[in-house]
Amino acid sequence: MNLVLLGPPGAGKGTQAARIARTFALAHLSSGDILRAEVRGGSDLGRQAQSFMNAGTLVPDGLILDMMAVHMGTPGASGGFLLDGFPRTVAQAEGLDRKIGLLGRRVDHVIHLVVPDGELESRLTGRRSCPACNAVFHVANNPPKQADVCDQCGTMLVQRPDDQAAVVRTRLATYHELTGPLVTYYRGKGVLADVDGSQAPDRVTAAIEAICAPRP
Ligand code: AP5
């Protein structure tokens, strides 16, 4: 099974992707996490991507498509993958269709997490992220057991540079302009399901699992 998690910044894609990938034994491929690892590693791609990410705008489609093709082609992804943050433009979605079509695969479900913009800003400005294992917390809604320390691996949590309020507003505007059209794109293909992402995380997980569960 191949899944896409679609939704605005802060909708809970990363939170849900970790759970859903575990349940269905899928490779979790987060374009944002992969890009942040490239930035930390100082690669050419990381250097090219960093200014776009810090500004809250999109990294060029060609760079993203090449990067994701490499990750989708690894042996770990051969049993199915869950794409988190990719595709993000119609050109990326068309590129994805072409690339996985060549492998005889397709996108089975697109989960569209719907959350009002007003809630997203407070989710993002209060988020704390683990730079080592990518776990996410929230200072009020989902605090770690020990302040600023990752529950899963003990690393000090950080606030992402793009989680400052001004950058969050640019990310939301970018989402509505460039990623919003993917809702129509995937609805037209009959694979999109809307999920209310403003519910408690466990309820969101249950709704996604019900959509993706194999049919008898
Ligand atoms: P990326 O890392 O993909 O960021 P994003 O899409 O903006 O998504 P986020 O990671 O911010 O949010 P999320 O939906 O995963 O929410 P989370 O689960 O953490 O991309 C970063 C940048 O990289 C982009 O701006 C761009 O520059 C570049 N990039 C990446 N992919 C690209 C692409 N394909 N093309 C071009 N450029 C690309 O949750 C957020 C917070 O809310 C957390 O604190 C969490 O604890 C809390 N929370 C989660 N669920 C709930 C809930 N149900 N109720 C209450 N709180 C909740």
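I started with the make-up of the shell around the ligand: 15 nonpolar, 14 polar and 8 charged residues. Here Ala, Val, Leu, Ile, Met, Phe, Trp, Tyr, Cys and Pro count as nonpolar, Asp, Glu, Lys and Arg as charged, and the others, Gly among them, as polar. I noted that this is a predicted model, where local features need pLDDT of at least 70 and side-chain atom pairs 80 or more, while totals for chains, interfaces and linings use all residues. Residues are numbered from 1 along each chain, and side-chain values use heavy atoms, without hydrogens and water.

Next I asked which residues come nearest to the ligand.

Then I looked up polar contacts (pairs of N or O atoms within 3.5 Å). A ligand oxygen sits 3.1 Å from a polar backbone atom of Gly12, and a ligand nitrogen is 2.9 Å from one of Gly85. The protein covers 96% of the 1000 Å² of accessible area (Shrake-Rupley method, 1.4 Å probe) that the ligand has on its own.

Helix 2 gives the most to this shell, 4 residues. Helices here are DSSP runs of H or I, at least four residues, numbered from the N terminus.

Last, I checked helix 8 (residues 181–188): Leu182, Val183, Tyr185 and Tyr186 are buried, meaning under 20% relative accessible area with a 1.4 Å probe, protein chains only. They lie on the same side of helix 8 because they cover an arc of only 165° around the axis, taken from the directions to the C-beta atoms. On the other side, Thr184 and Gly188 are exposed, which is over 50%.

Conventions:
A residue is near a molecule or strand if one of its heavy atoms lies within 4 Å of it. A polar contact is a pair of N or O atoms within 3.5 Å; within protein, one must be able to donate a hydrogen and the other to accept it, and residues adjacent in sequence count only if both atoms are side-chain atoms. Helices (H or I, at least four residues) and strands (E, at least two) are DSSP runs, numbered from the N terminus.
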